[in-house]
Amino acid sequence: MQSARPTSPKCFFTAWVLAWATAVYLPSLVIALLSLSPLASGGNPFLDTFEVADEVSPAAKLTYGFLFGAFLMLARAGGAGRKLSVDVSIGVASIALVVALLPEYWSRGFGVGLSGVRFDPLPTAVYLIGGVASGVVFSLTEKKCQSRGQGRTPHQSRNH
């Protein structure tokens, strides 16, 4: 059973940052491996991943991060609690909204800006998988961080 104890800001922020990075870099890796971007040379998957991720517009990255964080906070405020299914649903919904609504001129290297088609099936599936993974990473990271903090008393946590 999940604790009613609220998440610490540190745990929330750490989990959010790692989830955001997952949503950016996992799809970039898959896009590079599938040669869906002209930037993927096929020489070095690690470098290709960073090339593809770097090409994704800041608007796409920031919009995902904002939506994901805002929806998580709204879900918590609405009493949804810390559940893997909720976090995954939020990751998928956030990435789907970015794919659906981000204007083409702000979508460089992402969605319609990658392929010229708003819902190109293969890249869209890759992005949605990234949203799922992002929700999983958030949920697991937050849970691990919270469990580390539960063993400490307030006095101990200030001294460490």
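At what angle do the axes of α1 and α2 cross, and within what distance do they come? I looked this up first. The axes come within 8 Å and cross at roughly 115 degrees.

**Ground rules.** I am working on a predicted model, where local features need pLDDT of at least 70, side-chain atom pairs count only at pLDDT 80 or more, and totals for chains, interfaces and linings use all residues. Numbering starts from 1 along each chain as its sequence is written, and side-chain values use heavy atoms, with hydrogens and water left out.

**Helix pair α1/α2.** I took helices as DSSP runs (H or I, at least four residues), numbered from the N terminus. Axes are lines fitted to C-alpha atoms over the stretch in contact, with angles from 0 to 180 degrees between N-to-C directions. The crossing of α1 and α2 is right-handed (near helix turned clockwise from the far one by less than a right angle). I listed the contacts (heavy atoms within 4.5 Å). On the α1 side I found V24, Y25, S28, L29, I31, A32 and L33; on the α2 side, P45, D48, T49, F50, V52 and A53. By class, that makes ten nonpolar, two polar and one charged residues (Ala, Val, Leu, Ile, Met, Phe, Trp, Tyr, Cys and Pro are nonpolar; Asp, Glu, Lys and Arg charged; the others, Gly among them, polar).

**Loop between them.** S35 lies in the loop between α1 (9–33) and α2 (45–55). I noted its positive phi of about 55 degrees, although S35 is not a glycine. Most residues other than glycine have a negative phi.

**Helix pair α3/α4.** Here I read an angle of about 145 degrees, with the axes 9 Å apart. This crossing is right-handed. The contact residues divide into twelve nonpolar, three polar and two charged.

Beyond four places in sequence, F68 touches residues including W16, I90 and F138.

**Disulfide.** I found one disulfide (cysteine sulfur atoms within 2.5 Å). C11 and C145 form it, with sulfur atoms 2.0 Å apart. C11 sits in α1 and C145 in α6, 134 residues apart. The S-S torsion is about -75 degrees, so the disulfide is left-handed. C11 is buried at 4% relative accessibility, and C145 is buried at 13% (buried is under 20% relative accessible area, 1.4 Å probe, protein chains only).

Key:
Helix = DSSP H or I, 4+ residues; strand = E, 2+ residues; numbered from the N terminus. Buried < 20%, exposed > 50% of the residue type's maximum accessible area, 1.4 Å probe, protein only.
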